[in-house]
Amino acid sequence: MNADYEKLELIRRYLDGMGTAEDHRALQGALRNDAALRRQFARYTNLDAALGSGRLAVAPTNVVVPFGSRGTSTGWFSWRPLTAAAAAFVLALIVTQVVHARLAERREIASVTAASGAGQFFGANGALRDALSIGAKLAAGDSIETRSCDATAALALRGGGKITLGGNGSLRILEGDGFGAASRWNLTRGALWVSPDARGVVVQTQNAVVEANGAQFDIQTTAEGTLLRVNSGQARVRSLLGGGDLEVAAGQQTAVGMRHEEPPVVVAQPQPVEQWTCSFSPAVQPAYGKWLPARDSSAMRLSTAPLLWPRPKLDPVLLHVASFRVFRDSKSPVRASADSTLVFRGVTTRPHMVRFGFSTQKVRGVFAGKFEIDVPAKDLGPVGSEWEVRLPLSKFHPLPPRLADSPDGLELVDVYALTRIEDAGLELSHIELTHKQ
Amino acid sequence: MVISVGMFLVEMTPAENEKHDQFLRLYVEHEEALNGFVRTLVPTREDAREVMQEVAVVLWRRFGELTAPRDFRRWAFGVVKFKALASARDRARDRLVFDGDVLALLAAEVDENADAYEAERKALDECVGKLGTAQRKLLDAAYAPGARIDALAADAGRSAMSFYKALHRIRLVLMECTQRVLAREAIE
């Protein structure tokens, strides 16, 4: 449950003078407790002030750069069994097409074939739509965003193949070659999956460039960097912080970090496990919430942070959420099974129903839905005392759009506990997935 | 040199002239940093402009207290903090302003990382240059002196909300771009 989008949206509304009192309280609370958000806020205001103080008057205007000639690119053509002359011809053709596309008309590079949850479309011409409509055609410069962890969008590429954007994601089309054989994308946030029949796909993230031609792979971006997993075919990755290209074959993965001193290495993808105990280590950034120091001999505690949850066609609802990304805490994918049980320990300082939940994806595949269960306050025991709830996964109910009836065989993406509207002082101290042998 | 103070024109002595020139050089050098700092602490652009004007007056009046030119930014940041907190107190009744402790945390963030924010502003030129024509036009219009978003949106046949969101999106693109530029420069 990556909350960057919601936090940035709160910042925007505050600075544009459009925030409500509730927005203001949520933002102030988050700023008080979250140093990273204060930095984000200051970066945003710093940029806003710089744009407003005459910098635009001296900034250069855009120059069309030929496909593949940027510093971060690519080498895609060197893979292809083309002669140098043919490559030059193709390159010239692409340049012509890209320039033509920029100057003359929108050329379709992909179209939306499926979308769920809250999403947005940002056109290259400044158009904004608060939903992703099926059949919408996307061209260079267009962006789509999925605005909650349960939102997804599937795009059919003009040249064949599919790209699926996961929850809390932001994807922009940088360039296409004009005839559907190559496209270049910028994944600024979230995760995406590319089908094996997609040709000539180049995906740039905040710190890496991934290129593949007929491979099935997925990319996950986090504040720590970019994770590439290849499940069929082969992909090539390059860190934007330097270093050469790395070839990643089927069954392998590589993590490109944000530190120059730690070059990425290719390793075999770990096999899924069916048991997991959350480390509650402050070294692992929670997806949502804030760390509290250990009490007595217990481990660190994770308390909630406010989150405005966007809902399609409805006002957002205020949640108080503590959430972990499982893949950040576990080196291996954690697979749920029908007879698994999630164990939570924690406290609440006010009597309130607590909602427990988890998000899933197919193992090495796309988002597969969220599952939740509500536990009434009376079942949590006395207020202020530590409780333990053992929740069989079979008791959780799937949320719309009900991508799977049961979590059996799916990979856990994040695990969370929350209260709606009221802050009940919820703190978690233990999360565990157990599996009946 | 003649400067205007309120409605009066004041003739300055050569020593005052020199002091004024020095002040102007330092003020212009650090104006963007001060603008950014004020914008962080004050909720709207209009309020920020007002606070900046007050800050400039105070800085000039108290310029004699500055011990060394290299300390200008830190000294000026102190004045900004004072003025921004006063502005927040004044506006607390009719605006949503942050509590003093949150403003202090934000001020500390900008103060401690002022060099990093300056580097981001410099990287911004390259990033603005990479924007598409439509995005650049929108940005130019939104940040033109005296621009009103509601009027711009109405002219474009759009809602103010969609205009704000499009602007937000461009700002995020620029934030990501400046990070990439700085990461690239760090390894070069």
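1. Two residues are counted as in contact if their C-beta atoms, placed from the backbone, lie within 7 Å. On that criterion, and leaving aside neighbours within four places in sequence, A:Gly214 is in contact with A:Pro196, A:Arg199 and A:Gly233. The model is predicted, so local features need pLDDT of at least 70 and side-chain atom pairs count only at pLDDT 80 or more, while totals for chains, interfaces and linings use all residues. Residues are numbered from 1 along each chain as its sequence is written, with chains lettered from A and ligands numbered from 1 in the order in which they are written.

2. A:Gly214 lies in the loop between strand 12 (208-212) and strand 13 (216-222) of chain A; helices (H or I, at least four residues) and strands (E, at least two) are DSSP runs, numbered from the N terminus. A:Gly214 has 18 other C-beta atoms within 10 Å and is therefore partly exposed (20 or more is buried, 12 or fewer exposed, and in between partly exposed). The C-alpha atoms of A:Gly214 and A:Ser232 are separated by 8.4 Å, the two residues being 18 apart along the chain.

3. The contact between the chains takes 45 residues from chain A and 51 residues from chain B. On the side of chain A that touches chain B, helix 1 (4-15), helix 2 (21-33) and helix 3 (35-58) of chain A each supply at least two residues. Helix 3 of chain A gives the most, with 17 residues. By class, this side of chain A has 20 nonpolar, 17 polar and eight charged residues (Ala, Val, Leu, Ile, Met, Phe, Trp, Tyr, Cys and Pro count as nonpolar, Asp, Glu, Lys and Arg as charged, and the others, Gly among them, as polar).

4. Chain B has eight helices and two strands, in the order β-β-α-α-α-α-α-α-α-α along the sequence. Of its 188 residues, 32% are buried. Among contacts in chain B between residues at least 6 apart in sequence, 60% join residues at least 24 apart.

5. The largest nonpolar core has 142 residues, and those with the most contacts inside it are A:Leu192 and B:Val38 (such a core is a set of buried Ala, Val, Leu, Ile, Met, Phe, Trp, Tyr and Cys residues joined through C-beta atoms within 7 Å). Beyond its neighbours within four places in sequence, B:Val38 is in contact with B:Ala48, B:Val51, B:Met52, B:Val55, B:Val80 and B:Ala84.

6. In chain B, the axes of helix 2 (residues 45-61) and helix 3 (residues 72-91) come within 9 Å and cross at roughly 135 degrees (axes are lines fitted to C-alpha atoms, for helices over the stretch in contact, and angles run from 0 to 180 degrees between N-to-C directions). That angle makes helix 2 of chain B oblique to helix 3 of chain B (under 35 degrees is roughly parallel, over 145 roughly antiparallel, 65 to 115 roughly perpendicular and the rest oblique). The residues making the contact include B:Val51 and B:Val55 of helix 2 of chain B and B:Val80 and B:Ala84 of helix 3 of chain B. By class, the contact has eight nonpolar, one polar and four charged residues.

7. Helix 3 of chain B and helix 4 (residues 100-112) of chain B pack at an angle of about 155 degrees, with their axes 11 Å apart. That makes the two helices roughly antiparallel. Among the residues making the contact are B:Ala84 and B:Leu85 of helix 3 of chain B, and B:Leu103 and B:Ala107 of helix 4 of chain B.
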